[in-house]
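Dear colleague,

Please find the structure below, handed over for your review.

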Amino acid sequence: MKQHFDDPPIEVLSAGPRLPLLQARLSRGRMRPSRALVPLRLDYTAPLLIDTSLVPDPATLTTYVQSWYAAGQPRQLIIMGPLPEGLHRRDAIQIEEAGELLHLRGRIAIRQRETLRRVESGRRSLTAQSLGAGAATAMAERARYRLLYLGQSGPDFVALKAALRPLGAEVAAALSPSMALDYLAQHRFCALLLAPGGSDDPVWRVLDHVEPDPDRFGPALIHLERPSESASRPALSEDRLDAILPLTLPSEPLAHLILEHLPPPAGDLMPRQNGQIDMQDVTTGLFSRPFLEAHLGALLEDCDRSGHPLCVLHVSPADDRMCLQTLAKRVTAQLRESDLAARLDTSNLCIVMPDTPYRAALSVAIRLEALCDGAVVWHLVERRRSHSPADLLATAAELRRQGSRRRQA
């Protein structure tokens, strides 16, 4: 199968005729597999798939797992077969059959996003502490509600997701039970939206891994049902579901109906203000420039150590059709929790996207421009080692002034 240049690499430790089989499945799942060599490397950051049923020396894996934990889990482990001794299930992705490899790229992406979110939360805590705020309040949550959709993606799901976003609800989609379990292991959701295709749909098996919670602190279970499927609902699900809502409703009324069945949202985690410095811009609700300037240095140091990319997107209103407050809301709706948006001055916003290559950041810029009907101007920079924080925060006007000064000199 022809590989794409941005398909992520993965190493495979297996043997015999099974190795090319696994590699072929991974290639079909849009990954670039290569054979892993023993001794296994810790300095390589690509995920590692270990076929434990064909590894001749279990002691080799036990030693590697110990070193892997000691090094801070530098690469994602995927296990086919029994878990090596000493490896916790929560720390690895476990594969039961080769067919699941077609969805492995998505499962790895889930883990990587959650790891990035945790790392960035820790960074912001340290920045907030350095500026005098409490450590526990350094991470700003974009959404009041986090929902997990279990079912096939399609026009109904796309419309529902778009209708829920303005209501403060962020929806993640799990297209297989294994992907759903990965999400549930890494996140806390206030509700699971179940949209199975019938009584034998694998979606129902996920309920076996969700403990009932009479105090309603666990996720609400909401079945989005078509009239033709009501007779095929498993009998065991009746006492587990919190709501059965018709998927035939228009997306906006359905979104409001879903919110009526959700538990109260979590509190806001934007950094508190203190006497030394304002960390939140009052007008836009984004981070302030002083916070961003204090935080960006730590981000760049981490990029230098890990080699991961970082992009900075500057956005400003193009004309009177777009005010800064409205633009800030549009920006916030497009970002991951690990992205940081700040107000630089009276007319410029800045979005810092860790672990994001230029191509991915460009798609964010284009999507934002379309969302604003072209009423914005932007420029995008992928960070190079020669870039200082001041270079990355320079607005378009500052860059023009710098260019003018250089030409005059």
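**Findings**

Helix α1 (residues 18–28) lies across strands β1 (9–13), β2, β3 (48–51) and β4, and runs at about 160 degrees to β2. Contact here means heavy atoms within 4.5 Å. Axes are lines fitted to C-alpha atoms, for helices over the stretch in contact, and angles run from 0 to 180 degrees between N-to-C directions. Helices (H or I, at least four residues) and strands (E, at least two) are DSSP runs, numbered from the N terminus.

Please note that this is a predicted model, in which local features need pLDDT of at least 70 and side-chain atom pairs count only at pLDDT 80 or more, while totals for chains, interfaces and linings use all residues. Residues are numbered from 1 along each chain as its sequence is written, and side-chain values use heavy atoms, with hydrogens and water left out.

Five strands form an open sheet in the order β2-β1-β3-β4-β5, with parallel pairing; two strands pair if DSSP finds at least two bridges between them. At the edges are β2 (32–35) and β5 (93–95), each of which pairs on one side only. On average, neighbouring strands of this sheet are turned by 25 degrees against each other, direction ignored. Strand β4 (residues 77–80) is joined to β5 by three bridges, and the two run parallel. Opposite I78 stands I93 in β5.

A further parallel pair is β6 and β7, joined by six bridges. L150 has A174 in β7 as its bridge partner. Six of the seven residues of β6 are buried, so β6 is largely enclosed by the rest of the structure; buried means under 20% relative accessible area, exposed over 50% and partly exposed in between (1.4 Å probe, protein chains only).

Finally, helices α8 (residues 324–334) and α9 (residues 358–371) pack at an angle of about 135 degrees, with their axes 10 Å apart. R330, V331 and Q334 in α8 meet R367, L368 and L371 in α9.

Yours sincerely
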